[in-house]
Amino acid sequence: MTDEDRDPELDYVRTEWDAPPPSAGFHNRMLAAYTREGNAAGWWRRWLGVRVPMPVTAAAVLMAFLLAWFMAPHFRRSEPAGLARYQPIPQPRFIVVSQGENP
Amino acid sequence: MIRVLIVALIVVWPLAAQQMRNYAFHLGNGALVLYQTYSPVSMADSEKAFGTASASGNVIQRTLLDDNRRPWLAYELHIDRISGPGPVRFVLSLQPLGGWKFFQQKPVPREIANGDRVLMDVLEQPDTGRKIFDTFQVGIGVPMQIMPTAGTIPQVPHAGALIRVSGPQLHQGDTFTAVSREVATGTQITLTVPENGRFTFSSQPGPGFRMEAIAEGSLLRFLSGQYLFQVLCTEPVVEPAGAWYLWVKHEAAPLAKTGLPNIDLVIPSRAQ
């Protein structure tokens with residue numbers, strides 16, 4: 001804290017002093033400037049700034065997980081259900097395809 | 001919050017991704033092994049889906065895990081280099097791993113040449129006949145190119161399966177492209193490519209053919225020597241949907257026409 005802050009006379013002046021009121025049209029000019037600046041930002045930047053309630057975000061994340069999970073090959077009907085339907089080959093073979101051999 | 005949602009989507013998207021995984025192992029004997037596995041389950045839990053594959057010395061240790069994350073099938077693939085003068089050669093053999101479940105019988109040990117590509121059948125579905133192979137290539141100081149990849153587990157097509165190549169665009173990396181608007185259908189078809197000779201594709205084995213092609217949807221990918229080619233078609237190459245092994249034969253300087261359905265591809269810059 002500086003000496004000036006502790007000056008009683010200055011404190012008195014500061015408490016008694018009223019700031020001059022804003023000029024006419026100040027509010028409208030500020031509003032117009034804000035709108036102008038906002039429009040100048042990229043659409044993507046404004047989009048990223050959109051406020052979404054937390055429950056909506058949580059629900060969207062949950063939906064994304066469920067969608068990806070059920071789109072996984074494990075759940076597709078045309079795909080095998082899993083390892084349970086597979087069995088080890090009784091006796092595997094080394095099939096050298098580069099020498100023209102076949103399964 | 002929007003950013004959180006975007007990050008979450010990026011994180012979970014691989015859940016619906018592919019069923020294939022590639023490894024590259026450097027063995028103690030100097031060999032490079034490109035190892036490719038397919039999984040019958042999703043990538044939601046990749047370790048459970050694919051099990052594990054790792055290398056130590058001249059051995060590749062492979063495990064498939066059950067729902068409790070314990071190996072239900074495990075084996076060691078031994079890749080031993082044959083000593084002595086002459087060309088580089090290897091011997092493949094399989095051994096149990098860690099007392100876990102193993103195949104009823106070991107495969108017969110097999111000698112391979114430097115750079116050979118090998119399929120080993122690992123799993124099968126008795127009711128459907130579908131199989132899952134581990135695929136690998138072993139080499140020292142030679143160009144390496146593992147089997148073409150696929151988004152789903154490739155299967156061997158039934159006898160007589162038709163191959164349909166329509167409006168093909170052939171690519172070999174970024175260096176060569178040839179095209180045609182023609183269509184060819186048959187159990188065997190040929191593509192004749194300027195400066196590259198003739199490629200014959202078959203849905204069944206035959207003399208001179210190698211099972212080094214995979215058709216999936218409208219994409220046909222195949223090997224010729226160390227080179228990987230891709231043919232993008234306008235329609236599915238093999239029905240029904242899925243990934244299918246095909247056989248390919250390459251003749252750099254074909255002597256005569258085969259009588260098979262054929263497409264003469266052209267290099268676009270020369271066709272104008």
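Trainee: Which residue in β19(B) is the bridge partner of B:Arg198?
Mentor: Before anything else, this is a predicted model, where local features need pLDDT of at least 70, side-chain atom pairs count only at pLDDT 80 or more, and totals for chains, interfaces and linings use all residues. Residues are numbered from 1 along each chain as its sequence is written, while chains are lettered from A and ligands numbered from 1 in the order in which they are written. Strands are DSSP runs of E with at least two residues, helices are runs of H or I with at least four, and both are numbered from the N terminus. In β19(B), B:Arg198 has as its bridge partner B:Glu251.

Trainee: How many bridges join β15(B) to β19(B)?
Mentor: Two strands pair if DSSP finds at least two bridges between them. β19 covers residues 243-251 of chain B and runs antiparallel to β15(B). The number of bridges joining them is five.

Trainee: Which residue of β15(B) is the bridge partner of B:Gln188?
Mentor: Look at β14(B), residues 188-193, which pairs with β15(B) in the antiparallel sense over six bridges. For B:Gln188, the partner in β15(B) is B:Ser202.

Trainee: How many residues of strand β15 of chain B are buried?
Mentor: Buried means that 20 or more other C-beta atoms lie within 10 Å of a residue's own; exposed means 12 or fewer, partly exposed is in between, and C-beta atoms are placed from the backbone. Strand β15 spans residues 197-202 and is mostly covered. Of its six residues, the buried ones number five.

Trainee: Is B:Glu195 buried or exposed?
Mentor: B:Glu195 sits in the loop between β14 and β15 of chain B. Its phi is near 70 degrees, a positive value in a residue other than glycine. With 8 other C-beta atoms within 10 Å, B:Glu195 is exposed.

Trainee: Which strands stand at the edges of the open sheet of chain B?
Mentor: The sheet has nine strands with mixed pairing, in the order β12-β11-β18-β17-β16-β19-β15-β14-β20. A strand at the edge has a single partner, so one side is left without a neighbour in the sheet; that holds for β12 (176-179) and β20 (262-264) of chain B.

Trainee: Where is B:Pro240?
Mentor: A cis peptide bond joins B:Glu239 and B:Pro240, with omega about -5 degrees. The place of B:Pro240 is the loop between β18 (227-232) and β19 of chain B.

Trainee: What pLDDT does chain B average?
Mentor: pLDDT is the predictor's confidence in each residue, from 0 to 100. In chain B, 87% of the residues score at least 70, and the average is 86.
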